[in-house]
Amino acid sequence: MTAENERSDFIRDMVKEHLASGRFDRVQTRFPPEPNGYLHIGHVKAIAMDFGVAEDFGGICSLRFDDTNPAKEEEEYVEAIKEDIKWLGYDWGDRLFFASDYFDQLYEFALQLIKAGKAYVDDLSAEEIREYRGTLTEPGKNSPYRERSVEENLDLFKRMRAGEFQQGEKVLRAKIDMAHPNMNMRDPVMYRILHKEHHRTGDKWPIYPMYDWAHGQSDSLEGVTHSLCSIEYKNHRPLYDWFLDQLGIFHPQQIEFARFNMTYTVMSKRRLVQIVKEGYVRGWDDPRMITLAGMRRAGISPEAIRAFIDHVGVGLSPSTIQYSKFDHFVRDDLNRRASRVNGVINPLKVVLDNYPEGKVELMEFPNHPDDPSRGTREVPFSRELYIERDDFREDPPKKFWRLAPGREVRLRYGYLVTCTGVIKDEGGEVVEVHCDVDPETRGGNAPDGRRVKGTLHWVSADQALDVEVRLYDRLFNHPFPLEAEGEFTDYINPDSLVIVDGAKVEPSLKEAAVGDRFQFERVGYFVVDPDSTPERLVFNRTIALRDSWAKIEKQYEGKQ
RNA sequence: UGGGGAGUGGUGCAAUGGUAGCACAGAGGCCUUUGGAGCCUUUGAUCUUGGUUCGAAUCCAGGCUCCCCAGCCA
């Protein structure tokens with residue numbers, strides 16, 4: 001990395017100090033997802049920090065699944081998460097770990113704490129434990145079982161492990177301070193009894209470690225130097241440190257940083273699940289979802305997501321990123337990446353009356369106007385074409401530069417044409433536009449140098465491919481759906497998916513493969529959806545092009 | 001009214017005692033065979049009250065606001 005693009009933030013500064021002071025002589029991090037759901041845009045910040053910090057300092061980053069709660073976790077998610085991280089472009093090498101790998105060691109550590117008089121078996125019920133814990137402003141009180149002898153605790157804990165007790169009957173707790181101002185230090189539960197099959201350890205264990213007990217020790221066992229996590233764990237750091245100190249084992253440094261929110265969406269796993277379960281979207285990979293699977297299907301590249309995350313920033317204060325910022329990075333990436341093609345979403349037939357019937361010319365189009373090295377392709381032009389219905393107005397408003405009766409426009413890389421008349425159906429709707437073509441303007445240039453302001457995209461009617469187009473838009477129509485009145489689901493955007501069946505695209509798209517991204521000129525960016533068949537392509541709109549005409553028109557209407 | 005964090009343009013991030021800058025968004029313009037892209041210009045901010053200092057976004061004290069914590073979730 002060059003000095004120029006070296007990232008700097010308070011975490012990297014801290015790591016730098018640790019290296020300079022000799023506290024650590026290397027950097028190792030980990031990304032620790034719980035396999036109970038799909039990764040979303042919020043996780044990318046954590047992934048980018050974990051892998052990015054390690055990379056910046058020549059260190060390593062591992063992937064460790066935090067699978068300490070078999071009631072919620074499933075193998076399916078493990079695979080999905082691995083796939084998503086790989087897709088994003090991060091590599092954990094051979095360092096794929098599971099907290100469940102350490103269950104035996106954790107058990108030994110627990111025995112050690114019990115012997116040191118630092119942990120005890122408690123018979124209080126979950127409800128009683130809550131009552132004894134006190135409140136935010138009142139201290140808790142000691143459990144009547146807190147002073148059991150080491151021998152009794154050892155015996156009881158071993159029997160817990162042997163499966164002698166029912167779920168909820170007993171827990172192992174750390175013996176710290178029931179009056180501690182930090183609730184996490186009021187004798188936190190280390191183990192609970194769960195007679196549940198674990199996705200990796202099967203029925204070997206009737207007891208499972210809690211997050212606080214598993215996480216720091218897992219970090220330590222792996223040799224993690226910097227354990228980066230989100231801000232809500234700040235209050236857990238004293239406990240993280242306490243366990244490590246009591247055990248006297250390698251002591252990683254936990255560093256917290258803030259998560260972010262985005263407008264027009266919800267980020268919590270719980271609500272994402274709700275959206276899927278209640279059928280507001282088609283699944284976890286619905287292109288409207290901010291899951292990695294959803295964004296991938298929407299046609300957003302991993303590079304765009306990473307660039308966006310780079311600009312989110314790292315701090316300790318909660319932030320809400322405007323969706324337009326995300327849009328910017330999506331467009332910026334696609335603008336450079338996507339080849340241009342012609343696609344008409346809402347076709348209106350145009351007949352060129354003075355163009356010979358049956359004649360087909362092949363017009364040369366650049367694949368990318370800003371990058372000639374990407375070559376050209378030939379697109380058929382003929383007497384009958386389709387243009388976008390929005391590109392014709394019988395009664396054009398001010399500043400509308402497109403086609404209208406008597407108007408001349410350029411058919412991009414085709415010809416200059418002038419509208420001579422229209423044909424309407426019984427309902428008065430224009431069904432066909434008639435034009436005359438200027439034969440001297442092949443390619444779209446006027447030999448006399450006259451200026452033609454409007455340029456339209458088009459496809460030749462005979463050769464056009466019929467495709468399905470799915471026009472996606474943001475899932476919510478309120479910037480803060482969780483803060484708005486009523487249920488957040490009340491603000492699901494009813495127009496977030498509009499399926500168009502009769503779209504027409506140029507024939508070169510015949511060979512397009514699933515995942516290929518294109519810019520339909522003047523319309524937006526599209527990707528070939530997995531639902532496509534050899535007979536019929538399905539395109540998802542990733543994002544529309546910026547539409548400054550829409551803004552002008554809106555202002556114009558506003559003035560009336 | 002316990003403990004822990006955080007307050008800089010509309011949004012997000014910089015400035016680490018010395019000219020408050022960048023990005024996105026907004027506005028205006030140039031250019032254009034995409035009303036795209038690009039280019040130029042531009043509006044707009046240090047939560048508050050005191051204090052220290054030649055000088056404070058930065059240090060100190062008080063106040064205000066917001067976020068997190070009372071799972072046998074992570």
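The residues of the surface near RNA strand B divide into 24 nonpolar, 24 polar and 21 charged, where near means that a heavy atom of the residue lies within 4 Å of the strand. In this classification Ala, Val, Leu, Ile, Met, Phe, Trp, Tyr, Cys and Pro are nonpolar, Asp, Glu, Lys and Arg are charged, and the others, Gly among them, are polar. The model is predicted: local features need pLDDT of at least 70 and side-chain atom pairs pLDDT 80 or more, whereas totals for chains, interfaces and linings use all residues. Residues are numbered from 1 along each chain as its sequence is written, chains are lettered from A and ligands numbered from 1 in the order in which they are written, and side-chain values use heavy atoms, without hydrogens and water.

Of the 69 residues around RNA strand B, those that come nearest are Tyr233, Arg340, Gly443, Gln519 and Arg522. Sugar and phosphate make up 62% of the RNA strand B atoms that come within 4 Å of the protein.

| Side chain | Atom of RNA strand B | Distance |
|---|---|---|
| Lysine 325 | base nitrogen | 3.2 Å |
| Glutamine 519 | base nitrogen | 2.5 Å |
| Lysine 551 | phosphate oxygen | 3.0 Å |

Two or more residues of this surface come from each of helix H5 (126-132), strand S6 (189-193), strand S11 (319-321), helix H12 (323-337) and helix H13 (548-559). H13 gives the largest share, five residues. Helices (H or I, at least four residues) and strands (E, at least two) are DSSP runs, numbered from the N terminus.

Elsewhere, strand S8 (residues 226-230) and S9 pair in the parallel sense over five bridges; pairing requires at least two DSSP bridges between the strands. The chain passes from S8 through helix H8 (residues 237-247) to S9 in a right-handed β-α-β crossover, that is, clockwise over the helix when the strands point away from the viewer. Within the pair, leucine 228 stands opposite isoleucine 255 in S9.

Strand S9 (residues 253-257) is mostly covered, five of its five residues being buried (under 20% relative accessible area; exposed is over 50%, partly exposed in between; 1.4 Å probe, protein chains only). Gln253, Ile255 and Phe257 lie on one side, and Gln254 and Glu256 on the other.

Glutamate 232 lies in the loop between S8 and H8. Glutamate 232 is partly exposed because its relative accessible area is 32%. Its side chain makes a polar contact with that of arginine 259 (2.3 Å); such a contact is a pair of N or O atoms within 3.5 Å, and within protein one must be able to donate a hydrogen and the other to accept it, while residues adjacent in sequence count only if both atoms are side-chain atoms.
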